[in-house]
Each structure stands twice: as C-alpha cells, then as structure tokens.
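Open your viewer and get ready to select residues. This tour goes stop by stop.

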Amino acid sequence: MAKIFIGEVAKSAGVNFETVLFYERRELTAEPQRSENSNYREYPSEVVTRIRFIKLAQNLGFTLKEIQELLDLRSSPHTTCAELKARVDEKISTVEAKIKDLRRIKNVLTKLSRECAGGRIPASECPILDAMEGGKNVARTISPIYRT
C-alpha cells in the first residue's frame, strides 16, 4: 500500500489541503500516520477515493453527517442495497421539497420585481422594500414561503 503526502492527496482528490484536514477532524477519513524522519502526514492512497466519494456525496446534497452514515453503512457487512436505496430515496424527497420551496421563493421574487418599475425612484419609496418591511401586499406576496 503506497503512502502519499497531503499535497498529493489534495491534488489527486481535487480539493485543497485544508479540506483534507477538515475531513480528518470530522473523522470522515482516518488520521494518517506520521513519517519517522520528518513527522509529515503519510496517507494510504485509498484516502483519495474516499475524499472523492465525500465530495461527490456533498455535491449530491448529502450533509457530512449523512455522508458519515453512508460510509458506516458501506463498511458494515450487514448493509443491503435496500438500505442504501432508502437513504437515496429519502434524499430525493428532501430535494423535491427544496425545489418546491425554491419555486415559491422565485414566484414571490418575480411578483416583487413586477411591482417595481425601477428607474430613479428613491429606495425609500420602492415597493420591493415596502413589501419586505411588512407594507402593502406583504401577507399575500410573501407569506406562502413561510407556510408549513
């Protein structure tokens, strides 16, 4: 098993060295051994694959806590694909809810933008700020975002 230093890990995984250290502190990767002569961190080459997995999972919307759970499931001999699929399906539901919220936010922002003619009116008279400060139309314009 080849040993590599933090700079090589970071470059190969497509992250900066602070990210490698951050994952170490969060115990998403194992603490590396230290070289006897220089006390440099020496990582097993497999850490690159693990960091790539973590970054991809983050890009897919998984939190670091969820990623740790996925890594734990991966290392358990009793984990089934059904368990992993359930986690992904749960994430899909979360993403769908966020998309719904983002669409509502976009609709509210679009309405606010349409109410403002722009131009050189003083900001103190802008209907966007008026609505956001609780002025006219605030209940019908903004409240859909906060409904649960």
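Is tyrosine 40 buried or exposed? Tyrosine 40 is exposed, with a relative accessible area of 52%. (Buried means under 20% relative accessible area, exposed over 50%, partly exposed in between, with a 1.4 Å probe and protein chains only.)

This is a predicted model: local features need pLDDT of at least 70, side-chain atom pairs count only at pLDDT 80 or more, and totals for chains, interfaces and linings use all residues. Residues are numbered from 1 along each chain as its sequence is written, and side-chain values use heavy atoms, without hydrogens and water.

**Aromatic pairs.** The structure holds 2 of them. (Rings of Phe, Tyr and Trp, the last by its six-membered ring, pair if their centres lie within 6.5 Å; planes under 30 degrees apart count as stacked, over 60 as edge-to-face and the rest as tilted.)

Select phenylalanine 5 with tyrosine 40. Their ring centres are 5.8 Å apart and their planes at 70 degrees, so this pair is edge-to-face. Phenylalanine 5 counts as partly exposed, at 37% relative accessibility.

Next, select phenylalanine 22 and tyrosine 23. Here the centres are 6.1 Å apart and the planes at 50 degrees, so the pair is tilted. Phenylalanine 22 is partly exposed at 31%, while tyrosine 23 is buried at 1%.

**A charge over a ring.** Go to lysine 91. Its charged end sits over the ring of phenylalanine 62, 5.4 Å from the ring centre. (The term requires NZ of Lys or CZ of Arg within 6 Å of the ring centre and within 35 degrees of the ring normal.)

**Last stop.** Select valine 9. Not counting residues up to four places away in sequence, valine 9 touches Ile4, Val20, Tyr43, Val47, Val48 and Ile51. (Contact means heavy atoms within 4.5 Å.)
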